[in-house]
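Here is a short briefing on one protein model. Look it over, then read the points below.

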Amino acid sequence: YSIRILLYCAANPGSNSRIKDIATTMLLHGFSLAPLARGLGQHLGEGDGVLIVGASSWATDFAAALHALGVDVTLSDTYPGALRPARRRGVPVLQAEVLSCHGEEAIEERPIDYVIAATPDEVYNGLVCARLAPELGRERVFQMAPSESGTDPHTGMTRDLRGKVFASADLDYATMETLYRNGARFEVAEL
């Protein structure tokens, strides 16, 4: 018995296979094994709480899909309006700047074992991962793929200061926003 979360796009049926491949890759990465195992009544390690930083519409839906599976997930954003849809769906939220003292204290009070930095700001995502990696382990901090324009290789953050790429290298924040704007949604499926 196994499950995966698919990202599908009803508005563009021709793109379904590519989107499903991206979602499969996303779930086969290390962060997903413990949370999904817990959702199936299994246990792979110390903890399986997931913190998603950035409450965009797609991140809220992803958090809701994990929450529906019984995963300890928390969605964080500084803007209360961004968290309203998650609250309405029963997803635990944290209104805080996760890099602030208040944010760090709030994180310590929650079962956070994995982080997905999913904001439109690549540098901020890297800072979140760099800050939380020493406590959680580098293998447990993820961020959106850099955009094609990317960070300047001479002045940007080095690979050692960033998190692992969430999902796939070609799924940056702008691409995910475009997919969602065009009708893509997450769906839990049994395999």
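Which residues do ring pairs link into a cluster? They are Phe62, Phe166, Tyr180 and Phe186. This is a predicted model: local features need pLDDT of at least 70, side-chain atom pairs count only at pLDDT 80 or more, and totals for chains, interfaces and linings use all residues. Residues are numbered from 1 along each chain as its sequence is written, and side-chain values use heavy atoms, without hydrogens or water.

**Aromatic rings**
- The structure holds 4 aromatic pairs (Phe, Tyr or Trp rings, the last by its six-membered ring, with centres within 6.5 Å; planes under 30 degrees apart are stacked, over 60 edge-to-face, the rest tilted).
- Phe62 and Phe166 form an edge-to-face pair, because their planes meet at 70°, with ring centres 5.7 Å apart.
- Phe62 lies in helix α3, and Phe166 in the loop between β7 and α7, 104 residues apart.
- Both Phe62 and Phe166 are buried (under 20% relative accessible area, 1.4 Å probe, protein chains only).
- The charged end of Arg185 sits over the ring of Tyr180, 4.3 Å from its centre (Arg CZ or Lys NZ within 6 Å of the ring centre and within 35 degrees of the ring normal).

**Helix α4**
- Gly81, Ala82, Leu83 and Ala86 are buried in α4, residues 80-88.
- Their cover includes α3, β3 and β4 (contact: heavy atoms within 4.5 Å).
- Gly90 follows α4 and has a positive phi, near 80°.

**Whole protein**
- The protein has 7 helices and 8 strands (DSSP runs: H or I, at least four residues; E, at least two; numbered from the N terminus).
- Buried residues make up 48% of its 191 residues.

Notes: Buried < 20%, exposed > 50% of the residue type's maximum accessible area, 1.4 Å probe, protein only.
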